Amino acid sequence: MINDPKSQHFISWTDHGSSFVVSNVGEFSRSILGSHFKHNNFSSFVRQLNMYGFHKINRTPRAQRTSTTSQTWEFSHPKFLRARPDLLDAIKRKALEPDPRERGR
C-alpha cells in the first residue's frame, strides 16, 4: 500500500524512510483502506498498527491539531524501513497480556 503509486497522495514514506505519513485521513479511509482491508475505519487501522508494535509520532502541537479526518498521522516501527523488505518478517503481532483478574482463579 505504501509503495503503490495510486496511494501516494495519502500514504508515503518520510524523507529518512524510517517512518510513514498518512495524510487526509478521511479520504485515505474511503479510498485506500477498503481496498486493502475488510473495513475502511481509520481507528481500526491504527489499532492494528499498535498491535504490531508501530508507534504514532506526534509532531503537531496539541493546540494546533485539527479534526481527525484532515490530520496528518505519522507512524514508525524499528523494523519497518524503506528499502528494507528483509526486515518485515521480524514484525510480529504483540502477545496478548493475560487479564490480571484471572490470576487468582
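Me: Helices (H or I, at least four residues) and strands (E, at least two) are DSSP runs, numbered from the N terminus. How many helices and strands are in the protein chain?

Reply: The protein chain has 2 helices and 4 strands. Along the sequence they run β-β-α-α-β-β.

Me: What kind of model is this?

Reply: A predicted one: local features need pLDDT of at least 70, side-chain atom pairs count only at pLDDT 80 or more, and totals for chains, interfaces and linings use all residues. Residues are numbered from 1 along each chain as its sequence is written, and side-chain values use heavy atoms, with hydrogens and water left out.

Me: What percentage of the residues count as buried?

Reply: 31% of the 105 residues in the protein chain. Buried means under 20% relative accessible area, exposed over 50%, and partly exposed in between (1.4 Å probe, protein chains only).

Me: Pockets next. What volume does the largest pocket have?

Reply: About 290 Å³. The search uses a 1 Å grid over the protein atoms alone. A pocket is an open set of points with protein on both sides within 12 Å along at least five of seven lines; a cavity is a set where a 1.4 Å probe fits but cannot get out. Grid points are joined across faces, edges and corners, and the volume is the space filled by probe spheres set on the points.

Me: Which residues line the largest pocket?

Reply: Met1, Ile2, Ile11, Phe20, Phe37, Phe45, Gln48, Leu49, Tyr52, Phe54 and Phe80. A lining residue has an atom within 4 Å of a point.

Me: Where does the largest share of that lining come from?

Reply: From H2, which gives 3 residues.

Me: How do the lining residues divide into nonpolar, polar and charged?

Reply: 10 are nonpolar, 1 is polar and none is charged. Ala, Val, Leu, Ile, Met, Phe, Trp, Tyr, Cys and Pro count as nonpolar; Asp, Glu, Lys and Arg as charged; the others, Gly among them, as polar.

Me: Now the rings. How many aromatic pairs are there?

Reply: The count is 11 aromatic pairs. One of them joins phenylalanine 54 and phenylalanine 80, edge-to-face, at 5.4 Å centre to centre with 70° between the planes. Rings of Phe, Tyr and Trp (its six-membered ring) pair if their centres lie within 6.5 Å; planes under 30 degrees apart are stacked, over 60 edge-to-face, and the rest tilted.

Me: Where in the chain are phenylalanine 54 and phenylalanine 80?

Reply: In distant parts, 26 residues apart. Phenylalanine 54 is in the loop between helix H2 (42-51) and strand S3 (55-57), and phenylalanine 80 is in the segment after strand S4 (73-76).

Me: Are phenylalanine 54 and phenylalanine 80 buried or exposed?

Reply: Both are buried. Both also line the largest pocket.

Me: Which residues do ring pairs link into a cluster?

Reply: Trp13, Phe20, Phe28, Phe37, Phe42, Phe45, Phe54, Trp73, Phe75 and Phe80.

Me: What sits over the ring of tryptophan 73?

Reply: The charged end of lysine 56, 4.1 Å from the ring centre. The rule wants NZ of Lys or CZ of Arg within 6 Å of the ring centre and within 35 degrees of the ring normal.

Me: On to charges. How many salt bridges are there?

Reply: There are 2 salt bridges. The rule is a side-chain nitrogen of Lys or Arg within 4 Å of a carboxyl oxygen of Asp or Glu. Arginine 84 and aspartate 86 form one of them, at 2.7 Å, N to O. Arginine 30 also bridges to glutamate 27, with the closest N and O atoms 3.3 Å apart.

Me: How many residues apart are arginine 30 and glutamate 27?

Reply: They are 3 residues apart in helix H1 (residues 25-36), so about one helical turn separates them. Arginine 30 is exposed at 58% relative accessible area. Glutamate 27 is partly exposed at 28%.

Me: And how accessible is arginine 84?

Reply: Partly exposed, at 36% relative accessibility.

Me: Backbone next. What is phi of asparagine 24 near?

Reply: Near 50°, a positive value in a residue other than glycine. Asparagine 24 is in the loop between S2 and H1, and is partly exposed at 37%. Alanine 83 also has a positive phi, near 65°. Alanine 83 lies in the segment after S4 and is exposed at 69%.

Me: Last one. Where is aspartate 15 found?

Reply: In the loop between strand S1 (11-13) and strand S2 (19-22). Aspartate 15 is exposed at 77%. Its C-alpha is 9.7 Å from that of arginine 82, 67 residues apart in sequence.
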